[in-house]
Structures are given as structure tokens and as C-alpha cells.
Amino acid sequence: MELAYYPGCSLKASTEIYDEQCKRVLSAVGINLHEMDNWNCCGSTSASKTDDFLAVALPARNLGIADASDYSGMVVPCSCCYNRLLSAQKVLQTDQSLLDTINEELTDKITGKTKILTVLEAIQFAAKSGDLTKNVVKKLEGLKAACYYGCMLTRFPYDMAASDDVENPQGMETILKALGASPLDWGYKTECCGASAAVNDKDTAFKLMSRIMKDAVARQANCFVTSCPMCQLNLDAFQKKIGTIYGIDRELPVYFITELLGVAFGMPAGELGLDQHFADSTTLLKELNLYE
Amino acid sequence: MATVLELGSDKASSLAGEVMARSGQNLSACYQCRRCASGCPVGEQTGYLTPDRLIRMIVLGKRDAALDNPLIWKCVSCYTCGTRCPNDIMTARVVDTLKKMAHEHRIRPSSPKVAAFHSSFIAAAKRAGRLNELSFMGRYTMKNTLGGLARLRLRGIIQDQKDQAGFGLVLLRKGRVHFLPQKIKNRRQFKRLMRKGRAWAGSVSKSPASQE
Ligand code: SF4
Ligand code: SF4
């Protein structure tokens, strides 16, 4: 399957490992990602907090580029970008005057034809056609995963349908079970990590993350798994510090769902960037004989 | 928030009307069930000023309190309030509207760092078309420092600089800092689109959000 691909800014900066993993892992299951030409920043939540027009226009320009391409679907790995692009598409379905205003300035016009997909949806497509399990060379046995979705994958600022259950999504659990891992039931899978508050309001973000960490540890998870670069960076980079402040004595690796797929497919760890995590991410995999 | 109801005042209807039109949220549907409050993760940080209370404040016409309170700056945009509300009121959008109104009225944010973060982010994205973490963080830190200096918060400034630099160094060690700035092509056309907002805002009295 050929799909358009919107990496977003963080996958071209601090979370480049996720960019690499998405392309490699999806191509292994028969989905080729084509990075859109000349995409721009989605505006993140900052746009909606500062400027009503930019909150739609920034993501909308990308919708135009995707709509003008030959691809019927576009994969957006970052949950925040995904949320903004899908929200803009929804707003423009009902606001004709805003759509006309934006289209006037675009070479590639928005038609609304592109289906916007999460990485989880793309992987599940592959799972349905059997392309997932046939690639598995190592079963992820012993991985007790707390699948962490965060906010942006299932909750939107507009009244719109989510691609998974809003408060108890199962996308990652389904994929991990197919790989032989044991995802856990836990209570904080869609709670907020604080997102940019980790930079501009640390006390708030650390409090939120401490609750997430405590629940995962209490349920004896041995790792977090996520599909959002912001959630991953926050939990990975600040876990040690938060542990010290809140007396949590375990630090869990925070894997991207794509790197666990990569491990199960037997891809070399170096290629997957497992060494670029903050929390120790290799010891557990070595203990489980998943990685030499 | 010991408030006596002052019903029917013009003040109340004009504030509520403005917030409802701009946020697209029907605040008069709120029956104070507090489902939003039980899901709001920042209650402890706002002194229990929860979404239901913010809505009540607006409906009662408490303009000063509505434009200057911890929830509008502590809100993490998790959208839990709105997905749980039986009346589909997305308080997060009300919060975002109040942020913009506070800015228009030049009310100093109770968390200046949050405001500086978002305005620096958007300025950076508008300039290059993409966000460059290095130049964005630089701009944000500078804004903070100047803001802190204006308020003589020297100790805070030093701690912030240390935190920022520490985080930067760890990213650097992990090979996660990129020095090559990302830019889009044909920025002239992009900037024209960015400027279009002014004309658009002048031509309509509502936000795109009000289309629900
Ligand atoms: S959940 Fe909705 S109706 Fe209930 S208090 Fe909150 S805003 Fe009002
Ligand atoms: S979006 Fe803001 S107000 Fe709503 S529940 Fe989340 S933090 Fe609270």
C-alpha cells in the first residue's frame, strides 16, 4: 500500500528515531510512506491558544498538499499533529467561507478527500491482511506493557469520531498481543503527560506524570509503550527526576510501538535507535533474550 | 468563590455572549454536574478551580475573574472535560478563548512562562514554516528572561536557565539535537496565508470553532 506521510516537526528534530522506525517498520509490512513535499508545522496546541485563524490555516495547508497528491490516505505518527490535521479537516467540512479564504492562497487546494491515519491504524491494516505476524521472528514474550495513549489520539477539541475507544483504546494492545507480548490493564492510559507543561510549567507536568508512573509500577508493568513523540519524550526524559521527587523507585523504558515491532521483526537495535533513549531501554530486552 | 447570584445583569449576558460566540460552546446548557471537574487533571494545581466553576463564573458575568485565573494557564488541553460532558461543552475551548481575550485586554498571565511558550512557538512556526527546536527554545528562554527581569525574579531566571541548559545537554548527548534549521520552500506564499487571518477575523464575528 502506498500512503502519504506527514512526519511533523518533532520527527525531524528530537524524535528522529520515530521517523526512521515508522518508515522501516511499515515498509516491512507492505506499507510505503511517501513524505509530502513542502509540508509545514501543524501549529500544535499553541495555535489554538493564540490565534483562531492559524489554528485552522496551519494544518489546512498540509491537507491541501495531501488532497492534491495521488494518495488516498496519509499517515501522521505524532498524536498532536494528527489531532490538529483531523480537527482542521472537520472544521473545514462545515465552514465554507473559511475553506474558501484558505484555498484562495493555496496552490494545492483542499478538497477533503484524504483519509488521515494514525500509525496504529496503518499497522492494524497490515495485521488484518496477515502482513504483521508473517514478519515476526521473535515473540515479545515477557514484555508486560503499559500501553500509554495520552490525550491527542482519541480526544479532540471538536465533536468528532475517534479511531479507537476514547477512554479505553485497544489499538496498541491488539498489536502487542499479536506479537506475543502481555499488555496490562491499567488506569492511566489516556491521562495527560502534561505535554508542553514539561517545559513551561514543570510542577504541573511532573505531578501528572507521577500519577501515570505510579499506576504503571503498581501494576508491575516492565515498560511503557506509546505512539506519541511528545508522550515518549516526556516520560522518557523526566522519569528519573520525577521518581526522585515522588519516591517512585523504578524507572521503566518507554518504547515506541514501532520499535517493538522492529525488535519482533528482528531488525538490528542500532537501526531502531534504541540507544537514543534516556531511560535504560536495552537491559530489559536483553533479559528477555530479545536483543543481543 | 462565595458568589451571590446576580441574575439578569447586562454584564453577565455580554460576557457569556462573547465567550459563547468565540468558543462555539453553549454554556447555558451547563447544569453543573461536575463530570468535567472529576476528569480535569489540574484541579490540584488551580486551587480546585475546575471547568464547571469557570463556566459558572462566566455565566455570572465575573469578567475580571474569568480573564485572570489559574485554570486558563494551567489547563493542559487534554480535552477530558469536553469528552465527558453530557452536554458536549468543551471547556478547553472556552479556556483557549479566555486566553486570547486576556491577551487582548493586556492582562498579565498568572503563568507568564506558559504564555511566552505558546507565543514563541507560533512566531517560530510562522517564520520558518516549521518549528526548529533550537531557535524556538532560544526565543522562549529569552522572552522568559526578559519577563523575569522586568519582575525582578532573578533566582527563578537562573533556575530556568539551568533546567533548560541541562535538558539541552542531555538531548545533545543522546544525539537528539539538530543544528540544521528546517524551512519550507516558497515562504512568500506561506506568509501571505498567515497574514490572511487579519482580513478574515475582520470579516466574521465568530471563530471557526463556532461552527459546531
Ligand atoms: S460536565 Fe458539562 S454540564 Fe457538567 S458541569 Fe461540566 S460543563 Fe457543566
Ligand atoms: S482540557 Fe483543560 S480544563 Fe479540560 S479537563 Fe483538561 S486540563 Fe481540565
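Trainee: How many residues of chain A are in contact with chain B, and how many of chain B with chain A?

Mentor: In this predicted model, 75 residues of chain A touch 59 residues of chain B, with contact taken as heavy atoms within 4.5 Å.

Trainee: And how do I put a size on that interface?

Mentor: The accessible area lost when the parts come together is often used for this. Here chain A and chain B bury about 6000 Å² between them, and 56% of that area is on carbon and sulfur atoms.

Trainee: Which residues of chain A lose the most area to chain B?

Mentor: Those are A:Lys49, A:Glu105 and A:Asn200, which together account for 12% of what the chain A side buries.

Trainee: How many salt bridges does the rule find across the interface?

Mentor: There are 10 between chain A and chain B. One to look at joins the side chains of A:Glu105 and B:Lys196, at 3.0 Å from N to O.

Trainee: Which helices of chain A supply at least two residues each to the side that touches chain B?

Mentor: Among them are helix H1 (16-28), helix H3 (52-68), helix H4 (79-94) and helix H10 (229-246). By class, that side of chain A has 29 nonpolar, 23 polar and 23 charged residues.

Trainee: Let's turn to ligand 2. What surrounds ligand 2?

Mentor: Its neighbours include B:Cys40, B:Cys75, B:Cys78 and B:Cys81, along with B:Pro41, B:Pro51 and B:Tyr79. The shell holds 10 nonpolar residues, one polar residue and no charged ones.

Technical notes:
Residues are numbered from 1 along each chain as its sequence is written. Chains are lettered from A and ligands numbered from 1 in the order in which they are written. This is a predicted model: local features need pLDDT of at least 70, side-chain atom pairs count only at pLDDT 80 or more; totals for chains, interfaces and linings use all residues. Side-chain values use heavy atoms; hydrogens and water are left out. Buried area is the accessible area (1.4 Å probe) that two parts lose on being put together, summed over both. A salt bridge is a side-chain nitrogen of Lys or Arg within 4 Å of a carboxyl oxygen of Asp or Glu. Helices (H or I, at least four residues) and strands (E, at least two) are DSSP runs, numbered from the N terminus. Ala, Val, Leu, Ile, Met, Phe, Trp, Tyr, Cys and Pro count as nonpolar, Asp, Glu, Lys and Arg as charged, and the others, Gly among them, as polar. A residue is near a molecule or strand if one of its heavy atoms lies within 4 Å of it.
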